[in-house]
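Thanks for passing this one along. Here are a few notes to read beside the model.

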Amino acid sequence: MPRTHRSAPKARPSVTDDAQISLGPVDISRRQFLMGTAGIVAAAALIGGGVAMTSDGSGKAEASQGALTVPEDKVFTTEQCEYLEDTNRAVTLRTRASLPYGTTLTCCSDSVAACLVPTETADPLLKVGLLHLGSGNMTDALTNAVGSDEGFQILDARAHGGGMIWIETNMTSGAWRIYTTTLNGAAVGDPVKAFEADATRTLPTLAVSDGFAWWQTSPKDSSSKESSCIWRVPFGGNEDAAQMAHEAAAFACGLSPAGVGVASCAKVGQTGNTWQLIYLTDDADAENCMQDSLTLPSTMKPMDVSYGPNGFGFALDSIYSFGDGISNLGTYVPESEIPLTFAQAESDALAKMEEELAESSGASAGELTDADRAKAAQMAEDAVCELYSAAEWFRFPRAPISAPAFSGNWVFVKSTNVVAAVDIANRKYVSIPTESATQGYGEYLASAGTANRMVTFANVDYTPMSAERIHECTVRVWEPLVI
């Protein structure tokens with residue numbers, strides 16, 4: 001299909017309301033304090049943490065201390081960006097692949113993409129393939145579920161250069177299992193069961209990072225006292241090797257891959273309606289793997305969360321009557337790198353407190369108290385939040401469909417029936433259209449997280465005039481240009 005000009009998307013007007021934000025109480029426990037959520041939740045108790053809506057007739061919505069607040073003049077969209085007619089000014093096509101019609105792909109690395117390939121039988125319904133991004137060849141990774149004899153079917157999968165994770169579910173009982181294995185090129189290791197649950201828990205969302213397979217699940221019954229959890233396991237690790245990496249009352253969205261970790265959005269405390277973006281990494285033990293966090297204004301619930309080179313991003317599929325610059329629907333990412341994480345800020349604050357304690361008490365100096373640590377956490381949360389609140393933000397002004405992907409100076413976002421690539425630093429963008437008639441979603445972004453290669457695909461069912469029918473999944477692998 002010839003390339004056609006696409007005008008810049010129109011931004012929807014901002015919405016304001018005569019509401020104001022105030023603080024509300026949050027409960028904490030010592031166990032929450034000792035785990036990765038500790039600093040944020042404990043700190044929140046000092047000032048109320050999060051936000052709640054009250055009305056004082058002022059006619060303006062404001063975010064309270066500790067929650068992100070972005071002025072309208074700090075947010076720009078594609079309307080303020082230059083549209084590039086030539087896609088080659090943003091990306092070069094590295095590889096093409098033709099896969100069976102109906103295949104869907106997810107890509108979290110530069111080497112392989114996981115392919116869910118429909119079969120021509122009822123059992124199995126799906127098999128898992130690995131698309132090797134350099135060659136464009138697909139090899140079989142799983143031709144049937146491990147538990148096929150017990151009625152289990154493959155449901156979803158993710159792959160990285162070093163390993164793979166997948167879900168198997170029993171459609172009759174609702175039970176599900178998590179398996180992982182190691183990968184070495186096209187060589188697939190033995191499957192190892194890492195976790196299993198019954199129908200009382202939601203089917204998990206999956207992600208992979210450099211060293212771990214991750215999954216997130218919640219109780220189906222919203223009134224259940226059981227926690228929602230994020231788990232991780234080394235590729236090929238068994239149930240004994242699985243570790244709980246984060247525990248919360250609920251999650252707003254699924255996991256997103258984020259380089260050496262994953263991003264999600266957890267509820268703050270057991271009550272209330274405040275959500276916090278979180279970033280968990282491979283680099284620490286499970287109890288201390290939360291490296292960054294950012295609290296959103298109360299009731300603002302993202303559809304997706306990302307963590308790219310500039311820090312947290314999020315997508316809103318609703319329009320809010322408060323929030324100023326972040327009140328509209330769309331995908332938001334900071335224009336430039338946020339130079340501080342919560343873990344760094346908290347560590348610096350604790351080190352300063354220990355230094356001051358030693359200077360004031362001399363040889364008799366004791367250890368920092370829980371109140372000291374909570375104060376350090378609050379200082380860290382405020383410092384990070386202030387940086388995000390002062391930053392310039394880009395909003396992709398379309399209803400979000402999937403989490404964005406990042407490569408160099410480019411942000412890739414799924415938009416209607418094309419994929420857009422936006423250079424937010426230089427304020428330029430292009431669209432990657434489909435090449436022929438496709439299913440309703442058009443060109444789809446398979447990639448998520450940060451990578452040097454981006455993968456798009458489209459299921460094509462099209463018969464050109466005087467030509468044979470095209471009935472396939474067309475995959476293209478792109479290498480973005482660094483500007």
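**Notes on the fold**

1. The protein chain has four helices and 34 strands (DSSP runs numbered from the N terminus: helices are H or I with at least four residues, strands E with at least two). This is a predicted model, where local features need pLDDT of at least 70, side-chain atom pairs count only at pLDDT 80 or more, and totals for chains, interfaces and linings use all residues. Residues are numbered from 1 along each chain as its sequence is written, and side-chain values use heavy atoms, with hydrogens and water left out.

2. Of the 483 residues in the protein chain, 53% are buried (under 20% relative accessible area, with exposed meaning over 50%; 1.4 Å probe, protein chains only).

3. Helix α3 covers residues 342–361 and has 20 residues. Its first and last C-alpha lie 28 Å apart, close to the 28 Å expected at 1.5 Å a residue (1.5 Å times one less than the number of residues). The buried residues of α3 are Phe342, Ala343, Ala345, Glu346, Ala349, Leu350 and Met353. They line one face of the helix, because they fall within an arc of 160° seen down its axis (taken from the directions from the axis to the C-beta atoms). The face turned away from that buried side carries the exposed residues Asp348 and Glu359.

4. Do look at the open sheet of six strands, ordered β4-β30-β29-β28-β27-β32 with mixed pairing (two strands pair if DSSP finds at least two bridges between them). Its edge strands, β4 (82–83) and β32 (449–450), each pair on one side only.

5. Within that sheet, β27 (residues 405–407) and β28 (residues 410–415) run antiparallel and are joined by three bridges. Ser407 has Trp410 in β28 as its bridge partner.
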